[in-house]
Amino acid sequence: MHTPLSIHYFGMVKSVMSWAHVAREMVLALDAQGCDVSITNCRGHLYNGKLSIDPRLLTLMNRERHTDIEITFDYPLNYPRLLGKRKVGLLVYESTVVPPAWIDHINRCLDLLVVPSRFCRDLMIANGVPDAKVRVIPYGVNPAVFRPDAEPLPFGTDKKFIFLTIAMPHARKGLDILISAFTE
């Protein structure tokens with residue numbers, strides 16, 4: 001008989017931010033796999049204490065904080081707040097220069113940095129994170145939500161061309177360039 005992994009998640013859960021959405025799905029998947037999971041729900045960007053979330057997450061938030069493995073999908077400047085014996089950070093960054101303070105906190109505070117792509121991995125290494133500390137684990141897909149047999153959602157238009165962009169409206173994302181190109 002094996003002892004389940006004891007994992008604590010530290011970060012935003014009650015937010016509409018993509019980081020919080022990924023966290024909710026990851027924590028529920030770890031719990032479903034039999035891990036002993038606890039959660040510290042942090043306040044952050046677009047925090048909403050009244051956000052409707054899976055009741056199982058509320059149960060996990062009421063557990064005592066585990067300290068064997070601690071996982072976070074949070075800003076690197078918050079990494080010193082991690083208490084786990086093993087500390088794992090999840091991070092996505094799409095630009096070419098990572099803030100030096102982020103690199104310092106990754107190197108000082110984490111045992112492992114998990115990124116979703118080779119681009120992010122190469123970027124972190126180029127900015128000073130040791131190769132041995134970075135692993136690529138692409139995001140999974142929830143087959144209950146993303147199914148090839150699902151009925152397409154109506155877009156509410158008869159236009160022949162529709163594009164979709166999934167990005168935060170930060171200047172560095174270049175949405176102004178995208179909109180300009182589309183209108184031209």
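A nonpolar core here is a set of buried Ala, Val, Leu, Ile, Met, Phe, Trp, Tyr and Cys residues joined through side-chain atoms within 4.5 Å, and buried means under 20% relative accessible area with a 1.4 Å probe, protein chains only. This is a predicted model, where local features need pLDDT of at least 70, side-chain atom pairs count only at pLDDT 80 or more, and totals for chains, interfaces and linings use all residues. Residues are numbered from 1 along each chain as its sequence is written, and side-chain values use heavy atoms, leaving out hydrogens and water.

Start with the core. The largest one has 40 residues, and Tyr9, Ile39, Tyr79, Leu91, Ile106, Leu113 and Met124 have the most contacts inside it. Helix H1 (18–32) supplies the largest share, five residues. Helices (H or I, at least four residues) and strands (E, at least two) are DSSP runs, numbered from the N terminus.

Next, pick Leu113. Beyond its neighbours within four places in sequence, Leu113 is in contact (heavy atoms within 4.5 Å) with Tyr79, Gly89, Leu91, Ile106, Met124, Lys133, Val134 and Arg135.

Now show the strands. Six of them form an open sheet in the order E2-E1-E3-E4-E5-E6, with parallel pairing; two strands pair if DSSP finds at least two bridges between them. At the edges, pairing on one side only, sit E2 (36–41) and E6 (134–136).

Finally, go to E1 (residues 6–11), which pairs with E3 (residues 69–72) over four bridges.

Terms used: Buried means under 20% relative accessible area, exposed over 50%, partly exposed in between (1.4 Å probe, protein chains only).
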